[in-house]
Amino acid sequence: MAKPPPRPVYGHTVPAPRITRGGLRVALVRVALPFLGVLTLLDIVLWAIARAFGACYGVWCWL
């Protein structure tokens, strides 16, 4: 599917939308870091529960 040619806006040709440094920073700070933080806490909780019951937890247990 071909992109349509850019149309002028109020007589000016504007560039196509793109990701900026600020947008990337917001995405990392507001989405990626909280997601990774929750996953890390969940991993620590599951590790502590497994250790309390004497079970092995992690990929190295399969080796």
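Trainee: Before we start, what counts as a helix or a strand here?

Mentor: Helices are DSSP runs of H or I with at least four residues, and strands are E runs of at least two, numbered from the N terminus. Keep in mind that this is a predicted model.

Trainee: Thanks! What pattern does the protein follow along the sequence?

Mentor: Reading along the sequence gives β-β-α. That is one helix and two strands.

Trainee: How do you know whether the protein is spread out or a compact globule?

Mentor: Set its radius of gyration against the globule rule. The protein has 23 Å, well over the 11 Å that the rule gives for 63 residues, so it is more spread out than a compact globule. Its C-alpha atoms fill a box of roughly 70 × 25 × 15 Å along the principal axes. As for burial, 2% of the 63 residues count as buried.

Trainee: What makes residues 21–52 a helix with close to the expected reach?

Mentor: Helix α1 has 32 residues, and at 1.5 Å a residue the expected span is 46 Å. From first C-alpha to last, α1 reaches 44 Å, which is close to that value. There is a bend in α1 of about 35 degrees, and you will find it at L28. After α1 comes G54, with a positive phi near 75 degrees.

Trainee: Why is the link between C56 and C61 called a disulfide?

Mentor: The cut-off is a pair of cysteine sulfur atoms within 2.5 Å. In C56 and C61 the S to S distance is 1.6 Å, so the pair meets the cut-off. The structure holds one disulfide. A disulfide is a covalent bond between the sulfur atoms of two cysteines. The link of C56 and C61 is left-handed, with -80 degrees about the S-S bond.

Trainee: Why is C56 called exposed but C61 partly exposed?

Mentor: Exposed means over 50% relative accessible area, buried means under 20%, and partly exposed lies in between. C56 has 55%, so it is exposed. C61 has 25%, so it is partly exposed.

Trainee: And Y10: what makes its phi worth a look?

Mentor: The phi of Y10 is positive, near 50 degrees, in a residue other than glycine. You will find Y10 in the loop between β1 (8–9) and β2 (12–13).

Trainee: How do you know whether Y10 is buried or exposed?

Mentor: Use the cut-off again: exposed is over 50%. Y10 has a relative accessible area of 81%, so Y10 is exposed.

How values were computed:
Residues are numbered from 1 along each chain as its sequence is written. This is a predicted model: local features need pLDDT of at least 70, side-chain atom pairs count only at pLDDT 80 or more; totals for chains, interfaces and linings use all residues. Side-chain values use heavy atoms; hydrogens and water are left out. The radius of gyration is taken over C-alpha atoms; the globule rule is 2.2 Å times the number of residues to the power 0.38. Buried means under 20% relative accessible area, exposed over 50%, partly exposed in between (1.4 Å probe, protein chains only). The expected span of a helix is 1.5 Å times one less than its number of residues. The bend at a residue is the angle between axes fitted to the seven residues ending there and the seven starting there.
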